[in-house]
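The tour goes from one selection to the next.

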Amino acid sequence: PRQDMKERARFLVENYDWDATEARKIWCFGPEGTGPNMVIDVSKGVQYLQDIKDSVVAGFQWASKEGVLSDENMRGVRFNIHDVTLHADAIHRGGGQIIPTARRVFYASTLTASPALLEPVYLVEIQCPEAAVGGIFGVMNRRRGHVFSEDAVPGTPIKIVKAYLPVNESFGFTADLRQHTGGQAFPQCVFDHWQAMPGDPVDPASKPGVIVTNIRKRKGLKEVVPELERSMTNSKRGQDKDRKTEERGRKENSVRCEVALVECVVCE
């Protein structure tokens, strides 16, 4: 984020086949200015756009810090700003009007991009005798784990097994592993990466949906993820709160945005 704009653009063009113009028009990263999400201005000929840049960035920081699914951080999301319609009077383009509007636009864009939950994954390194390897595979299969390496230590009967294990499935893993290997396996777990959970988190019946519901319940939020139509119409409803003083300004401010997926699906 603090890299020189031209150097960053050159790096993105050469290594990731980005469009050179878009690579130079990255507005910000988030959350907290350094996160793995970004806003890019791909609009053309929009009046007063620079006047609301700070407000849109503030709305983006808010939205990326508290995602639409479960109020958790987003990760790997790129938002493209395509078009903006603004009130001609500068008094109606203040942060009070633009920040909530931008946040709702980012939420609606996220819901249109098939969002998913990301879960942390451990890299597990297990040392054990060759006879105990079968028990390791059994435990991993039951816990959605994936063994990707099995190497023998030269000159010894010991094998080193490496696998990926979702953190959510790691509770009680050590005891379970030793039970099925006769106490001969010794695991070490280190965080390695994030991966998308299979299933639709908006569907309360799916496994990600159950997790989202539990998180929202724990945080005191409504248990159901806001519907897309609600996110899109909330902007208009929010405009009615200060109807007496700012009705005209709020009605004539709108932002059209889309999500472009970077590295992974939209996630929290």
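Predicted model: local features only at pLDDT ≥ 70, side-chain atom pairs only at ≥ 80, totals over all residues.

Residues are numbered from 1 along each chain as its sequence is written, and side-chain values use heavy atoms, leaving out hydrogens and water.

Select Gly30 and Pro31. A cis peptide bond joins Gly30 and Pro31, with omega about 5°. Pro31 sits in the loop between β1 (26–30) and β2 (37–41); helices (H or I, at least four residues) and strands (E, at least two) are DSSP runs, numbered from the N terminus.

Next, select Glu32, in the loop between β1 and β2. Glu32 is not a glycine, yet has a positive phi of about 60°. Glu32 is exposed, at 62% relative accessible area (buried means under 20%, exposed over 50%, partly exposed in between, with a 1.4 Å probe and protein chains only).

Now select α5 (residues 133–142) and α6 (residues 173–180). Their axes are 8 Å apart and the packing angle is about 140° (axes are lines fitted to C-alpha atoms, for helices over the stretch in contact, and angles run from 0 to 180 degrees between N-to-C directions). Gly135, Ile136, Val139, Met140 and Arg142 in α5 meet Phe173, Asp176, Leu177 and His180 in α6; contact means heavy atoms within 4.5 Å.

Finally, select Glu169, in the loop between β6 (158–166) and α6. Glu169 is buried, at 16%. Not counting residues up to four places away in sequence, Glu169 touches Arg143, Arg144 and Lys207. Arg144 is partly exposed, at 31%.
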